[in-house]
Amino acid sequence: MSSFGTVHLSKIWKMLKKCADGYKAIELAHKWRVEYRGRTFPDLPIGRRGSNTPEVELGVVKKMIRHLQLDPDCVHRHLPQIPKNWLDNDR
Amino acid sequence: MTSYPILFGVRDPVIGPGFLAGVAVNGRCLMREEPDGFWIDGVNPGAVCAGGASRDEALLKFRESYRGILYDCAALCDTFEAFKQEVERFFWEMTPGEAEAWERAVQELRANPAAAGDWLPIRQNYGEPSVEVVCLEQESLEPDSNAVGQLELAAAAA
């Protein structure tokens with residue numbers, strides 16, 4: 001599984017709504033900052049200025065999911081392009 | 001999949017609202033060679049990553065991502081103290097499993113140093129990760145504070 005495929009940002013928001021209930025996202029000058037249960041992922045791309053709908057590399061999505069400690073089953077249900085075993089922290 | 005345990009030492013000036021800060025880190029990240037390119041995950045700091053078609057491109061993008069996050073931190077914080085606290089939190093907040101993967105790569109490199117080629121120098125004795133955030137006053141600025149970044153591969157001492 002390559003880190004270089006992409007997923008649309010809108011699908012990430014949908015996944016977070018289901019798998020990270022109560023998450024908070026703040027758009028800053030360089031990145032989206034996503035906060036969930038006391039942890040922070042500040043590295044979600046905002047895309048080109050003026051368009052908030054970038055394609056995000058799967059490697060970034062994987063890192064965010066692992067960093068925020070989201071449930072791999074839930075993530076896989078909403079982002080099937082990300083296999084569950086890909087989120088194994090003990091790779 | 002080949003993995004490279006990287007030590008990086010970088011220093012950045014960051015402008016915040018009413019303050020100028022210097023951020024110096026001795027950080028760690030793990031580069032993985034994939035069929036489509038090279039992907040880097042941060043260890044300390046944990047919540048940063050980037051990839052590229054070549055090692056150099058991946059490192060450049062990782063550096064850009066890291067710097068962009070520092071600039072965003074400055075925009076979020078009203079005071080130098082708040083910025084310092086936020087950068088330290090960012091640096092020490094790790095992704096579960098990443099440090100263990102980095103250590104495994106260190107051991108693999110120790111067992112087979114030739115696998116790294118001559119891409120980066122290999123260091124066998126290295127310190128723990130560290131972060132230093134200081135408030136820079138104009139009167140105390142000296143050119144020897146300028147520093148180019150340093151990159152090395154970590155391999156456990158035999």
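How much area do chain B and chain A bury between them, and what percentage of it is on carbon and sulfur atoms? I read about 2300 Å² for the pair. Carbon and sulfur atoms carry 51% of it. I note that this is a predicted model.

**Entry: who supplies the interface**

I looked up the residues behind the buried area on chain B. Trp39(B), Asp72(B) and Pro96(B) supply 24% of what chain B buries against chain A, more than any other three residues. I then went to the contact lists. Chain B puts 31 residues in contact with 25 residues of chain A.

**Entry: polar pairs and salt bridges**

I asked for polar contacts across the interface next. The rule finds 18 residue pairs, both partners at pLDDT 80 or more. On the chain B side, the elements that give two or more residues are β2, β3 (37-44), β4 (49-52), α1 (55-76), α2 (80-92) and α3 (98-111). Of these, α1(B) gives the most, with 6 residues. I sorted the chain B side by class: 12 residues are nonpolar, 9 polar and 10 charged.

Then I turned to charge pairing. Side chains of opposite charge can pair when their charged atoms come close. I find 3 salt bridges between chain B and chain A. Over all chains the count comes to 15.

Which residue of chain B forms a salt bridge with Arg66(A)? I find Glu98(B), with the closest N and O atoms 3.2 Å apart. Glu98(B) also meets the side chain of Lys63(A) in a salt bridge, at 2.7 Å from N to O.

**Entry: largest pocket**

I moved on to pockets. The largest has a volume of about 370 Å³. I count 17 lining residues, and the closest to the centre are Arg11(B), Gly22(B), Leu136(B), Ser145(B) and Asn146(B). The elements that give two or more residues to this lining are β1 (3-16), β2 (19-34) and β6 (130-135) of chain B. By class, I get 7 nonpolar, 4 polar and 6 charged residues in the lining. I note that β2 of chain B is listed for this pocket and also for the side of chain B that touches chain A.

**Entry: backbone**

Is the bond from Asn44(B) to Pro45(B) cis or trans? I find it cis, with omega near 0°. Pro45(B) sits in the loop between β3 and β4 of chain B.

Arg37(A) lies in the loop between β3 (31-36) and β4 (39-45) of chain A.

Terms used: Residues are numbered from 1 along each chain as its sequence is written. Chains are lettered from A and ligands numbered from 1 in the order in which they are written. This is a predicted model: local features need pLDDT of at least 70, side-chain atom pairs count only at pLDDT 80 or more; totals for chains, interfaces and linings use all residues. Side-chain values use heavy atoms; hydrogens and water are left out. On a 1 Å grid over the protein atoms alone, a cavity is a set of points where a 1.4 Å probe fits but cannot get out, and a pocket is an open set with protein on both sides within 12 Å along at least five of seven lines; lining residues have an atom within 4 Å of a point. Grid points are joined across faces, edges and corners, and a volume is the space filled by probe spheres set on the points. Helices (H or I, at least four residues) and strands (E, at least two) are DSSP runs, numbered from the N terminus. Ala, Val, Leu, Ile, Met, Phe, Trp, Tyr, Cys and Pro count as nonpolar, Asp, Glu, Lys and Arg as charged, and the others, Gly among them, as polar. Contact means heavy atoms within 4.5 Å. Buried area is the accessible area (1.4 Å probe) that two parts lose on being put together, summed over both. A salt bridge is a side-chain nitrogen of Lys or Arg within 4 Å of a carboxyl oxygen of Asp or Glu. A polar contact is a pair of N or O atoms within 3.5 Å; within protein, one must be able to donate a hydrogen and the other to accept it, and residues adjacent in sequence count only if both atoms are side-chain atoms.
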